[in-house]
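The sequence and the structure are shown first.

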Amino acid sequence: MRMYIAIKEHLPIGHVLNTAAHAGLACYLKYKHLPDMQIWAMKSFKKVTCSVTDEEFEELKAIPNHVVLTESKLDNMETAIVLAPRPEWPSNVKTLRLWK
């Protein structure tokens, strides 16, 4: 079981690092009551950090149990979306590019 953190590809690297850290905590706090999140926290704790285009970002918003993050220093721009852990993922999530 994995948590997916998708960060917009054009975000400056300094913001990427903070956004990834904030994303994991924000998702856990919002969905800690879900059984899949509890299993993930106890047994897995795996996270996948991906780089996404603006179009991919918008598509991910249709997936349930997500948190969209914004950055105040970037005029409250949406910077990342984090998807709560679950046993199965849609194909568009499994093919996202890892952040490099």
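Cys50 has Leu98, in S5, as its bridge partner. The model is a predicted one, and in it S2 and S5 are paired in the antiparallel sense over two bridges.

S2 also pairs with S1, here in the parallel sense and over seven bridges. Within this pairing, the bridge partner of Lys8 is Val52 in S2.

## Order of the sheet

Five strands form an open sheet in the order S3-S4-S1-S2-S5, and the pairing is mixed. S3 (66-71) and S5 (97-98) are the edge strands; each has a single partner strand, so one side of each lacks a neighbour in the sheet.

S1 (residues 2-8) and S4 (residues 77-86) are joined by five bridges in the antiparallel sense. Tyr4 has Leu83 of S4 as its bridge partner, and Arg2 is placed opposite Arg86 in S4.

## Helices on the sheet

Helix H1 (residues 13-31) packs on the sheet, where it touches S1, S3 and S4. The direction of H1 makes about 140° with that of S3.

Helix H2 (residues 35-43) likewise packs on the sheet, touching S1, S2 (46-52) and S4. The angle between the directions of H2 and S4 is about 85°.

## The S3–S4 hairpin

S3 and S4 run antiparallel and are joined by six bridges. Across this pairing, Val67 stands opposite Val82 in S4. The hairpin of S3 and S4 has five residues between its strands, and Asp75 there adopts a positive phi near 55°.

## Strand S4 and two of its residues

Eight of the 10 residues of S4 are buried, so that the strand is mostly covered. Thr79 belongs to S4. Why does Thr79 count as buried? Its relative accessibility is 0%, and the cut-off for a buried residue is under 20%. Apart from neighbours within four places in sequence, Thr79 contacts Ala6, Ile7, Lys8, Leu11, Thr19, Phe57, Leu69, Thr70, Glu71 and Leu74.

Val82 is also located in S4, and it counts as buried because its relative accessibility is 0%. With neighbours within four places in sequence set aside, the residues in contact with Val82 are Met3, Tyr4, Ile5, Ala23, Cys27, Asn65, His66, Val67 and Leu69. Lys61 is 21 residues from Val82 in sequence, and the C-alpha atoms of the two are 9.5 Å apart in space.

## Nonpolar cores

In soluble globular proteins, nonpolar side chains tend to be buried together. Which residues have the most contacts inside the largest nonpolar core? They are Met3, Ile7, Cys27, Tyr31, Met37, Leu69 and Val82, in a core of 15 residues. At least two residues of this core come from each of S1, H1, H2, S3 and S4. H1 supplies the largest share, four residues.

Tyr31, one of the residues with the most contacts inside this core, touches Met37, Asn65, His66, Val67 and Ala84 when residues up to four places away in sequence are not counted. A second core, separate and of 13 residues, includes Tyr4, Val52, Ile81 and Val93.

## The chain as a whole

The chain has four helices and five strands. From the N terminus, these elements follow the pattern β-α-α-β-α-β-β-α-β. The radius of gyration is 13 Å, close to the 13 Å given by the globule rule for 100 residues, so the chain is as compact as a globular protein of that length. Along the principal axes, the C-alpha atoms fill a box of roughly 35 × 25 × 25 Å.

Of the 100 residues, 40% count as buried. The chain exposes about 5900 Å², of which carbon and sulfur atoms supply 55%. Among contacts between residues at least 6 apart in sequence, 68% join residues at least 24 apart.

Terms used
Residues are numbered from 1 along each chain as its sequence is written. This is a predicted model: local features need pLDDT of at least 70, side-chain atom pairs count only at pLDDT 80 or more; totals for chains, interfaces and linings use all residues. Side-chain values use heavy atoms; hydrogens and water are left out. Two strands pair if DSSP finds at least two bridges between them. Contact means heavy atoms within 4.5 Å. Axes are lines fitted to C-alpha atoms, for helices over the stretch in contact, and angles run from 0 to 180 degrees between N-to-C directions. Buried means under 20% relative accessible area, exposed over 50%, partly exposed in between (1.4 Å probe, protein chains only). The radius of gyration is taken over C-alpha atoms; the globule rule is 2.2 Å times the number of residues to the power 0.38. Accessible areas come from the Shrake-Rupley method with a 1.4 Å probe; for residues, only the protein chains shown count as cover. A nonpolar core is a set of buried Ala, Val, Leu, Ile, Met, Phe, Trp, Tyr and Cys residues joined through side-chain atoms within 4.5 Å.
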